[in-house]
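Let's take a look at the salt bridges in this structure. Here it is.

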Amino acid sequence: MAEDDLVAETEDRASSASMSNDILPTHHTAKEASLADSKAVDGNTQTETTALLNNSGQQPQEPMAESKTPGRLNQICACPPQGILARTITYGVAVVLIWAVVWSITGEECLPGGNLFAILFLFFFAVIGGKLMGLIKLPGLPPLPPLLGMLLVGFLLRNIPSVSDLIQVEVKWSAALRSIALAIILARAGLGLDPKALKKLKAVCIRLSFGPCVSEACIAAVVSHFLMHLPWTWGFLLGFVLGAVSPAVVVPSMLILQAGGYGVDKGIPTLLMAAGSFDDILAITGFNTCLGIAFSTGSTLFSVLRGFLEVAIGVAAGGLLGIFVRYFPSKDQASVVWKRAFFLVGLSVFAIFSTVNLGFPGSGGLCTIVLAFLAGLSWSDEKKEVEKIIGVAWEIFQPFLFGLIGAEISVFSLKPETVGLCVATLSIALVVRITVTFLLVSFAGFELKEKIFISLAWIPKATVQAAIGSLALDTARTHEDETLEQYGMDVLTVAFLAILITAPIGALIIGLAGPRLLHKADTGSEDVGHERTEEIDISGHERTEEIDISGRV
């Protein structure tokens, strides 16, 4: 009897389970049948995900395409809002909230015509200009740098009459914000220097790091002396401003070519990015030396000696501060990465401002670079994290830097002959740079087309020009000398025109000439490309580090 009852109970459970299976949606049954069919065809058991992927390829695509549009409309018209509408409202309210908080603290300073209102207005519109410029993408070409949009926004805000009356940033605030941005970008440059790369750089990379920069600086000094009537010291100061290449334009363009396999077999993208980093350091060092000489008083010999003295002071001070930051804060402390980033940024800003106040304006930049370089030597584990924090700081102050640079240029104060002389100086210096670069790579094993591409790849100028282009003008304003201020304005005008002309043109030239002048590596020859890159530069892992390094200057 017990056995009969057990059998009956089991049959009842099976019947109820069968009824519940009949209630399930039909797509489960179809899914099981699909899995069975796939097993019967292939002879192997497939996973459910694989079967679904296989079936999706057999289904018509029209219903899916039709369902996308209603889904997007439902997302936009949803209540509460979602997607792009929700993000727009969030960002808009955040901007208004920031202004409201500052207004509640400062009062009239944050109303139209006030200094804080002008700073916030310029910052937000510079960010918008950078975003809009980044949206301009041409097929097969690298995107235009966002910094160009920030520069144009500052220029437009300064030169639109009805707007310029409301946007009045005090000179002291403008100089301070640009100096903070300069300190951050120099700290990134110091952190980006890799000692392993310095040891393994070959002769061609060293030549590309020094030759084009020095030649362009010298020819710009000569041309500006005779055309723009600048003193020799100011001519060389202008030359080193122009001598730097812009990694903000070159590095993204090189990465796009490298991803497509162009020039990889001979390591051309890596070579240009690595050499560009040291090219910028050389230009900044030369600029700081000339800056110290330009604002020294006394005989020519005393001025030259004072310039080299400022270099020595900057290196020594940076060395002492760098050794301190290597060991403090110690590794056993909590939040050591944030503390190291704080000390690095704080000491960098202090070095830039204090050296100006002490009468040694050329020492601050070198002090910051040496400080960051020495500090990063012992941060092997946390260095990348510190660089990320410094990168966030740069994203905040980048709109200030380029927006304020653009706002310094007034169309009404520019004379046509001044613009013409500035463009002539820039053009002659670029021609000499391209020629010297071509000659320096003539015996490095490159083909004619590759030599032409390498020569043209270093046309763009942007980041370094914006960082140091206004420093001479700011220093001249502290001396209250109209003649020196005019020299500083000439240097800033050339730097502005260099960014405005060479940044977009250089990006377009690299994007158009790269696929036509460089060999495209086959997929099966990636190993060959890595071997060749190691011969010219460094190994694959360290090569990736240099790519990151070059983009931080």
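Start with Arg433: its relative accessibility is 1%, so this residue counts as buried (under 20% relative accessible area, with exposed being over 50% and partly exposed in between, using a 1.4 Å probe and protein chains only). This is a predicted model, where local features need pLDDT of at least 70, side-chain atom pairs count only at pLDDT 80 or more, and totals for chains, interfaces and linings use all residues. Residues are numbered from 1 along each chain as its sequence is written, and side-chain values use heavy atoms, leaving out hydrogens and water.

A salt bridge here is a side-chain nitrogen of Lys or Arg within 4 Å of a carboxyl oxygen of Asp or Glu. That rule gives eight salt bridges, including these:

| Pair | Closest N and O atoms |
|---|---|
| Glu216 and Arg433 | 2.7 Å |
| Glu450 and Lys266 | 3.1 Å |
| Arg477 and Glu408 | 3.2 Å |

Arg433 sits in helix α19 (residues 416-440) and its partner Glu216 in helix α11 (residues 203-227), so their bridge ties together parts 217 residues apart in sequence. Helices are DSSP runs of H or I with at least four residues, numbered from the N terminus. Glu216 is buried too, at 0% relative accessibility.

What about Glu450 and Lys266, buried or exposed? Both are buried.

Then there's Arg477, which is partly exposed at 22% relative accessibility, while Glu408 is buried with a relative accessible area of 11%.

Terms used. Helix = DSSP H or I, 4+ residues; strand = E, 2+ residues; numbered from the N terminus.
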